[in-house]
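Visitor: I am new to this structure. Please take a close look at the side-chain contacts and go through them one at a time.

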Amino acid sequence: MKRIIMTLTTIVLLLVVGLANAKDYEITKKSGDYTVQIKIDKNPPVTGENKMDIAIKDTAGKNVTDAAVAVDYGMPAMPGMGAMNYKINADLKGDRYLATINFSMAGPWFINIKITRGGKSQSVKLNVDVK
Ligand SMILES: [Cu+2]
């Protein structure tokens, strides 16, 4: 009986850990008047394509849908590799901005999300460890 309980506990624990790992990468950051929620469909992000989903809210909690959103991402120079920099635009779909990021190698990458609205720009920076 005790062994069955132990086995069941182990299975439940493994399931919980598995579900936690399956969750999207998600982070919320403040930038000026905006609250920016960033999701990546892989956690941790992986080499190759990763879908990024950005939601921007104003101080009233309303979704901002009239901004131009660009995503700069790259990796500083390392031995045997020059600095890498990429820039893509995130396109509005519904009330979220979507972009596909292509990480060309594993390791530490920076991501800089630039939000331009009404002639003013603000940035949100984050760092990810790509597997
Ligand atoms: Cu590198």
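Guide: Start with aspartate 66 and arginine 117, which form a salt bridge with their closest N and O atoms 2.7 Å apart. A salt bridge here is a side-chain nitrogen of Lys or Arg within 4 Å of a carboxyl oxygen of Asp or Glu. Because aspartate 66 lies in the loop between E3 and E4 while arginine 117 is in strand E7, the pair ties together parts that are 51 residues apart in sequence. Helices (H or I, at least four residues) and strands (E, at least two) are DSSP runs, numbered from the N terminus.

This is a predicted model, in which local features need pLDDT of at least 70 and side-chain atom pairs count only at pLDDT 80 or more, while totals for chains, interfaces and linings use all residues. Residues are numbered from 1 along each chain as its sequence is written, and side-chain values use heavy atoms, with hydrogens and water left out.

Aspartate 66 is exposed, at a relative accessible area of 53%, whereas arginine 117 is partly exposed at 28%. Buried means under 20% relative accessible area, exposed over 50%, and partly exposed in between (1.4 Å probe, protein chains only).

A search of the whole structure finds four salt bridges. One of them joins aspartate 53 to arginine 96, with the closest N and O atoms 2.4 Å apart. Aspartate 53 belongs to strand E3 (residues 48-57) and arginine 96 to strand E6, so this pair ties together parts that are 43 residues apart in sequence. Arginine 96 is partly exposed, at 21% relative accessible area.

Aspartate 41 and lysine 42 also meet in a salt bridge through their side chains (3.7 Å, N to O). Both are partly exposed, aspartate 41 at 35% and lysine 42 at 28%.

The copper ion is coordinated by the SD atoms of Met75, Met78, Met81 and Met105, at 2.2 to 2.7 Å. Methionine 75 sits in strand E4 (residues 68-75) and methionine 105 in the loop between strand E6 (96-103) and strand E7 (107-117), 30 residues apart. Donors are N, O and S atoms within 2.8 Å of the metal (3.2 Å for Na, K and Ca); water is not among the atoms, so sites may look incomplete. The donors follow the spacing M-x2-M-x2-M-x23-M along the chain. Methionine 75 is buried, with a relative accessible area of 1%, while methionine 105 is partly exposed at 26%.
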